[in-house]
Amino acid sequence: AIGRRGETLDAIQYMTSLVANRNSKDRVRVVLDIGGYRYRHENNLISIAERAAESVIASGKEYALEPMNPAERRIVHTALQTFAGVTTYSEGEGQDRHIIIAPDTKE
């Protein structure tokens, strides 16, 4: 019931957040994780990002990841922030926004 790429889980989390924050002065952050899905998904994204970064270093060519939502892109950018030899940036609009992993020209 997590949905395709966690979409149902994201929707339930969003609705729960709306209810939790409806009458509150302080914002409550709600994170739902069913069966460890978010944890596994985050680790999988980091693994994909690191393999792609190694490929970029070996080839010297940019690598475009598949389109991701903002939370997924944030995970990848953070994971590769300290990865020597590469830099990341996002490009595209809306549903097509994706990350480019490029050789770090400062190295």
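What share of the contacts in the chain with a separation of 6 or more comes from residues 24 or more positions apart? They account for 52% of those contacts, where contact means heavy atoms within 4.5 Å.

**Before you start**

This is a predicted model, in which local features need pLDDT of at least 70, side-chain atom pairs count only at pLDDT 80 or more, and totals for chains, interfaces and linings use all residues. Residues are numbered from 1 along each chain as its sequence is written, and side-chain values use heavy atoms, with hydrogens and water left out.

**Whole chain**

Show the C-alpha trace. Along its principal axes it spans about 50 × 30 × 25 Å. The radius of gyration of the chain is 17 Å, whereas a compact globule of 107 residues would have one near 13 Å. That radius is taken over C-alpha atoms, and the globule rule is 2.2 Å times the number of residues to the power 0.38.

Switch to a cartoon. There are three helices and three strands, in the order α-α-β-α-β-β along the sequence. These elements are DSSP runs, numbered from the N terminus: helices are H or I with at least four residues, strands E with at least two.

The chain exposes about 7,500 Å², of which carbon and sulfur atoms supply 51%. Accessible areas come from the Shrake-Rupley method with a 1.4 Å probe; for residues, only the protein chains shown count as cover. Buried residues make up 26% of the 107 residues. Buried means under 20% relative accessible area, exposed over 50%, and partly exposed in between (1.4 Å probe, protein chains only).

**Stop 1: helix α2**

Select residues 37–59. At 1.5 Å a residue, the 23 residues of α2 should span 33 Å, and its end C-alpha atoms are 33 Å apart, which agrees. The expected span is 1.5 Å times one less than the number of residues.

An α-helix has 3.6 residues a turn, so residues three or four places apart point the same way.

Centre on alanine 53. Leaving out residues up to four places away in sequence, alanine 53 touches Leu80, Phe83, Val86 and Ile101. Then step past the helix to glycine 60, which follows α2 and has a positive phi near 75°.

**Stop 2: the core**

Select Leu45, Ala49, Ala52, Ala53, Val56, Leu65, Met68, Val76, Leu80, Val86, Ile99 and Ile101. These 12 residues are the largest nonpolar core. Elements giving two or more residues to this core are α2, α3 and β3. The most comes from α2, with five residues. A nonpolar core is a set of buried Ala, Val, Leu, Ile, Met, Phe, Trp, Tyr and Cys residues joined through side-chain atoms within 4.5 Å.

**Stop 3: the sheet**

Select the strands. The three form an open antiparallel sheet in the order β1-β3-β2. Its edge strands are β1 and β2, each pairing on one side only. Two strands pair if DSSP finds at least two bridges between them.

Six bridges join β2 to β3. Pick threonine 87 and its bridge partner alanine 102, then valine 86 and its partner proline 103. The hairpin of β2 and β3 has six residues between the strands, and there glycine 92 takes a positive phi near 100°. In one of them, alanine 64 partners isoleucine 100.

**Stop 4: histidine 98**

Stay in strand β3 and pick histidine 98. Is histidine 98 buried or exposed? At 16% relative accessibility, histidine 98 counts as buried. Beyond its neighbours within four places in sequence, histidine 98 contacts Ala64, Leu65, Glu66, Pro67, Arg73, Tyr89, Ser90 and Glu91. Five of the six residues of β3 are buried, so the strand is largely enclosed by the rest of the structure.

Draw a C-alpha distance from histidine 98 to glycine 6: 17 Å in space, 92 residues apart in sequence.

**Stop 5: threonine 82**

Finish in the loop between α3 and β2, at threonine 82. Threonine 82 counts as exposed, at 76% relative accessibility. Its C-alpha atom is 27 Å from that of aspartate 33, 49 residues apart along the chain.
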